[in-house]
Every structure is written in structure tokens, then in C-alpha cells.
Amino acid sequence: LAIARINLVELYHCTGNLRKALQLADRTVAQAREIHYLYGVALGLQYRALVLVDLGRLAEAQDNAAEALNVLDDLGLQEDGLALHVSLVRVALARRDYEDASRLIELTKREFSEYDTEGYAPLILGFEARCAAEVQNAELTHRLLDEARETAGRPWPHQRCRMDVIAARAHAALGEKAMACEYANSALTRADAAGFRFYSLKAHTILAACSPDESGVALHARVAKALARSLAANLGREDSETFLAAHKTT
């Protein structure tokens, strides 16, 4: 039941229903605690952290990921911590703490490289490229993105969308707007085909910042604004405000 629920949490996250995603993650944690199912607690906290990052509740996301890692350590299942380290990297990136993100990425690569069953390897290289891009190391950024493209991984649609978004943001950080648009358009095509409205929003937001002409900027900004308001409509007031602020296009 816990596994079925966290799969639904991830689906809700991709489709942009963050309220339902958080509610289901909360229920997973609560019921797993009630019956002392520690692995279920770790799973619920893991996916709760995933959602909280995108709601801008970064301290809470970090605490949830850290608690889940402690539970896995107690269970002797440290190898299951890869996704949690990815959440911690995302927290650092959201805070623009690229030094901490780089530290976490190195730790993740060292500790979990042989345990990747969910296609995280390209994303981790993409995050590393993003850190390099933020300090304007174009050569390293391009090398890491090339490596990410060549890295074998399961072709899950949501992981492909994530990789395209990460690559687009790395190119945008270098001022390479044409490449950023190429990856953002790829993410948009994949997201729209799969019904992943949250990743459509991310792609439109990047395109609104990087499109080469005013009409493209205006179009993507308009669509992104409408999508963001739609996805924020069922959130609580504070979460809604934080979410909208994080996805502003101007």
C-alpha cells in the first residue's frame, strides 16, 4: 500500500496536483508510523520532500529527507537513499547554494553510483553541470551535459522531462539561450504528451525567459502564468503564494 501510494504521489507531482501529492504523502507517513512500518515512513518522507521542494518549503523538505535517511540507516538500507540525496541537492540548488549542492553531488556519486535503478544518474550529472554553469565554467558544463546524454538510464518519461529542464537551466545560466530553448522545447513536447502539467509549466517559464523574439516571450509568459495559477488554485494561501513567486516569468 505504501508503494502504491508513493507512486501516486509522484504521478500527482508530475501532473501538478501538489495538494493531493502532499496529502497522500502525509497519509503514507502517518499510517506507516501507526503500524511501525519504518520503511513506509522513509518512503513517505522521501516523496513528501520531493513535493515540498517545489512548494518552496525548503527547510521542511531538508528535514524530511534527513529523517528518511536516518530511518534507512537504522534499517541497514543505506543504498535506498539515492532519491533522498537528489532531494537534498534540489534544496541546495533552490537556495542557490551551489557549493553545498556540489558537495552533495560528489557524495551522491561516490555513495550511490551502483544503486541507480530509477534513472537518476543523468540528472545528477545535469545538476553538476548546473553548478558549473552558475560559476560560468562553460567547458565543464558542456562536458557534463554530454556525459549525461550518454549515461545509460531507464527512459522514464518524467526523468527525461527533468533532464531536459535541468539542461535548459544550465544553458540559460551560461547565457546560451538558443540551447536553453532547444531543451525547454524538448521538455515541453515530452510533458504535453504525457500530461505532466508541472513540467510544462517549468518549460514555458524557461522559454519565457529565453525565447529570441518578443512574441515568443509574450506567448510563453502568458501560458506559464495561466498554468501556474491553475496549479496553485487548490493550494493553501501560503503555499500558493510561494509557488506563484517561484514560477514568475517577469
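Ring pairs link F198, Y199 and F243 into a cluster. The model described here is predicted. A search for disulfides across the whole structure returns zero.

**Aromatic pairs**

- The count of aromatic pairs comes to three. The pair formed by Y37 and Y39 is edge-to-face, because the ring centres are 6.4 Å apart and the planes stand at 70°, where an angle over 60 degrees is required for that class.
- Both tyrosines of this pair are partly exposed: Y37 has a relative accessible area of 35%, and Y39 has a relative accessibility of 24%.

**Largest pocket**

- By class, the lining of the largest pocket comprises 22 nonpolar, seven polar and 11 charged residues.

**Second largest pocket**

- The second largest pocket has 22 lining residues, and those nearest its centre are L43, Q46, Y47, T117 and E118.
- Two or more residues of its lining come from each of α1 (2-15), α3, α5 and α9. The largest share, five residues, is contributed by α3.
- The lining of the second largest pocket divides into 11 nonpolar, five polar and six charged residues.

**Helix α7**

- Helix α7 is largely enclosed by the rest of the structure, because 12 of its 14 residues are buried. Among them are P122, L125, F127, E128, R130 and C131.

**Cysteines**

- The closest cysteine sulfur to that of C14 belongs to C161, at 7.5 Å, which is too far for a bond, because a disulfide requires the two sulfur atoms to lie within 2.5 Å.
- For C161 the closest cysteine sulfur is in turn that of C14, at 7.5 Å.
- Both residues are buried, C14 with a relative accessible area of 3% and C161 with one of 0%.

**Positive phi angles outside glycine**

- H36 is not a glycine, yet has a positive phi of about 60°. This residue lies in the loop between α2 (18-34) and α3, and H36 counts as exposed at 67% relative accessibility.
- Q136, likewise not a glycine, has a positive phi of about 65°. Q136 is placed in the loop between α7 and α8 (138-150), and is partly exposed, with a relative accessible area of 48%.

Methods:
Residues are numbered from 1 along each chain as its sequence is written. This is a predicted model: local features need pLDDT of at least 70, side-chain atom pairs count only at pLDDT 80 or more; totals for chains, interfaces and linings use all residues. Side-chain values use heavy atoms; hydrogens and water are left out. Buried means under 20% relative accessible area, exposed over 50%, partly exposed in between (1.4 Å probe, protein chains only). Rings of Phe, Tyr and Trp (its six-membered ring) pair if their centres lie within 6.5 Å; planes under 30 degrees apart count as stacked, over 60 as edge-to-face and the rest as tilted. Ala, Val, Leu, Ile, Met, Phe, Trp, Tyr, Cys and Pro count as nonpolar, Asp, Glu, Lys and Arg as charged, and the others, Gly among them, as polar. On a 1 Å grid over the protein atoms alone, a cavity is a set of points where a 1.4 Å probe fits but cannot get out, and a pocket is an open set with protein on both sides within 12 Å along at least five of seven lines; lining residues have an atom within 4 Å of a point. Helices (H or I, at least four residues) and strands (E, at least two) are DSSP runs, numbered from the N terminus.
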